[in-house]
Amino acid sequence: MKSFQRQSLNQQLMDVLIANILSGDLPAGQKIPPEAELADQLRVSRNTLREALKTLELFGIIESFHGQGTFISVQAKQRIPNIDILKLLSRDHDVQSLLDARLVIEPGLAALAAQRRSEEELDTIGRCIGVFLDEEQGLENMFHIQLAKAAKSPVLFGYLQGVFQQLIHTAYPQLQKKLLPDYRETEIREHREILEAITEQDASAARDLMHRLLKRRFRLLTEE
């Protein structure tokens, strides 16, 4: 396997892993070495490796199976081009532009999820709300990502993942702190309503509810 010669950014590490997949050093179906071993081979920290693997898994390039480990997806090479979307969106963008992108993409994904979701995916989306209730974590990297997966639209999912990655490096995390504490209850209720619409396979309602949730949230975040 080609080695990674120095500590680098997450994107550079993903490039190295992708290069190994394309070259056949990490062939489709192969089990990835344990995290500590792979980090040693690539000469990076386990935290850096973990973040890169998380992104690759979101794009379906690698797959994890409980009790078995992590494997290179049999469709890895077909899905790798979606990473180019993430690179495109890694350029500097202002918060408003990124929120505009979410407002366009996510209602459509909600409608598709209502049409295409499986029962297992409904359970996963529902558990995301439970985690939010228990740990008071934001829903962006849980509910919205799992919903996008249920839409089964790799290109749109790639765009959304790129937007989320870029938002991390903007003022967005700080803006979220502006939300009033009592808005948390409203947000939980609105996410539950979206899940209900998806469960009932009501694409129109899922689209409208997602648009309403994002519009209200972003208005509260960006208003003076």
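Trainee: What is the relative accessible area of Lys152?

Mentor: Cut-offs to begin with: buried means under 20% relative accessible area, exposed over 50%, and partly exposed in between (1.4 Å probe, protein chains only). Lys152 has 42%, so it is partly exposed. Bear in mind that this is a predicted model, in which local features need pLDDT of at least 70 and side-chain atom pairs count only at pLDDT 80 or more, while totals for chains, interfaces and linings use all residues. Residues are numbered from 1 along each chain as its sequence is written, and side-chain values use heavy atoms, with hydrogens and water left out.

Trainee: Where is Lys152 found, and what is its phi?

Mentor: Helices (H or I, at least four residues) and strands (E, at least two) are DSSP runs, numbered from the N terminus. Lys152 sits in the loop between α8 (140-150) and α9. As for phi, most residues other than glycine have a negative one. Lys152 isn't a glycine, yet its phi is positive, near 55°.

Trainee: Which residue just after α11 takes a positive phi?

Mentor: That's Gln201, with a phi of about 55°. Gln201 lies in the loop between α11 and α12 (203-222) and is partly exposed too, at 45% relative accessibility.

Trainee: How far does α11 reach from its first C-alpha to its last?

Mentor: To get the expected span, take 1.5 Å times one less than the number of residues. Helix α11 (residues 183-199) has 17 residues and reaches 24 Å, close to the 24 Å expected. Its buried residues include Tyr183, His191 and Leu195.

Trainee: At what angle do α6 and α9 pack?

Mentor: Axes are lines fitted to C-alpha atoms, for helices over the stretch in contact, and angles run from 0 to 180 degrees between N-to-C directions. Here α6 (residues 95-116) and α9 (residues 154-167) pack at about 145°, their axes 10 Å apart. Contact means heavy atoms within 4.5 Å. Among the residues that meet are Leu98, Ile105 and Leu109 in α6, and Leu156, Val163 and Phe164 in α9.

Trainee: And β1 and β2: in what sense do they pair?

Mentor: Two strands pair if DSSP finds at least two bridges between them. Strand β1 (residues 62-65) and strand β2 (residues 69-72) pair in the antiparallel sense over 4 bridges, and Glu63 stands opposite Phe71 in β2. The two strands form a hairpin with 3 residues between them, where Gly67 in the turn has a positive phi of about 80°.
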